[in-house]
Amino acid sequence: MTDLLTLATDPAAWLALITLIAMEVVLGIDNLIFISILTNKLPEEHRAKARRVGISLALVMRLALLSMVALIVRATAPLFAVWGHEFSWRDLILLAGGLFLIWKATKEIHHNTDPDPHPDVFVPKVSMGFGAAIGQIILLDLVFSVDSIITAVGMTEHVPIMVIAVVVTVAIMMVAATPLANFIHNNPSLVMLALGFLLLIGTTLVADAFGAHIPKGYIYTAMAFSVMVEMLNMRARRAERRRRATAAEAAQAEVPSGH
């Protein structure tokens, strides 16, 4: 209790907490995009429940990993070397998760561009089962949780700060999950962009596993720029639809009432 009171009155601890929460929220975007795309493939009545279950499992997994901080730190110790590169448990987990994301994103992109009568990835006919969706969410939760906790361990040595940051981050994810999923669902052009993000994230995880670290700032800046461009495209399409509607109404008003 004394340690907690000391942390609560330490400005450096508050700065570490705020910084860690910001970092965890950014890292959580990847997880949230995957959950949003995956749960949108479920029947509508099961989507919100699947998001709650998936994000709750992410919280449980992160807290469980925090209880094994010493083990997580050792997860970065080399296990074996291939072609001069040493692999740790963290590398193997990132490699497996990255390959899974690449496979999943490629499969969905192929399905979304296939000349099929129902190419939309959200068509109920091709909806996956609830259990299958949760299983895939758990797999990626593990990958992102390990990366998240290792980042937290590298930023602070105080477990209470890590726990608070993780709980706050997951709470933000819980609030943002449904609006993000609905936004993606209601704007089909964003589906391909989101799948492209997953492909990029998967490639980054694989590169990280092989020791080629790509600064996260570059990745998220590219993603933010892509979203901004797509928002401008969406705005332009809406303006074009309004112009066409106005022109149609004007043309209809010019037609003599007798005709």
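Glu230 is buried, at 12% relative accessible area. In this predicted model, Glu230 pairs with Arg237 in a salt bridge, with 3.0 Å between the closest N and O atoms. Arg237 is partly exposed, at a relative accessible area of 36%.

Another joins Arg243 to Glu240, at 2.7 Å from N to O. These two residues lie 3 positions apart in helix α9, so about one helical turn separates them. Glu240 also bridges to Arg244, where the closest N and O atoms are 3.2 Å apart. Here the spacing is 4 residues in α9, again about one helical turn. Shared partners join Glu240, Arg243 and Arg244 into one network. Arg244 is exposed, at 59%.

The overall fold comprises 9 helices and 2 strands. From the N terminus, the elements follow the order α-α-α-α-β-β-α-α-α-α-α. The protein has 259 residues, of which 38% count as buried. Among contacts with a separation of 6 or more, 79% involve residues 24 or more positions apart. The accessible surface amounts to about 14,100 Å². Carbon and sulfur atoms account for 69% of that surface.

Open space was examined next. The largest pocket holds about 360 Å³. It is lined by 17 residues, and Ile29, Ile33, Leu180, Phe197 and Val227 are the closest to its centre. The lining is made up of 17 nonpolar residues, with no polar and no charged ones. Helices α2 (11-39), α7 (159-186), α8 and α9 each give at least two residues to this lining. The largest share, 5 residues, comes from α9.

The largest cavity has a volume of about 80 Å³. Its lining consists of Asp30, Phe144, Asp147, Ile201, Thr204, Leu205, Lys216, Ile219 and Tyr220. Two or more of these residues come from each of α6 (130-155), α8 (189-209) and α9 (216-254). By class, the cavity lining divides into 5 nonpolar, 1 polar and 3 charged residues. The lining of the largest pocket, in contrast, has no charged residues.

Notes
Residues are numbered from 1 along each chain as its sequence is written. This is a predicted model: local features need pLDDT of at least 70, side-chain atom pairs count only at pLDDT 80 or more; totals for chains, interfaces and linings use all residues. Side-chain values use heavy atoms; hydrogens and water are left out. On a 1 Å grid over the protein atoms alone, a cavity is a set of points where a 1.4 Å probe fits but cannot get out, and a pocket is an open set with protein on both sides within 12 Å along at least five of seven lines; lining residues have an atom within 4 Å of a point. Grid points are joined across faces, edges and corners, and a volume is the space filled by probe spheres set on the points. Ala, Val, Leu, Ile, Met, Phe, Trp, Tyr, Cys and Pro count as nonpolar, Asp, Glu, Lys and Arg as charged, and the others, Gly among them, as polar. Buried means under 20% relative accessible area, exposed over 50%, partly exposed in between (1.4 Å probe, protein chains only). Contact means heavy atoms within 4.5 Å. Accessible areas come from the Shrake-Rupley method with a 1.4 Å probe; for residues, only the protein chains shown count as cover. A salt bridge is a side-chain nitrogen of Lys or Arg within 4 Å of a carboxyl oxygen of Asp or Glu.
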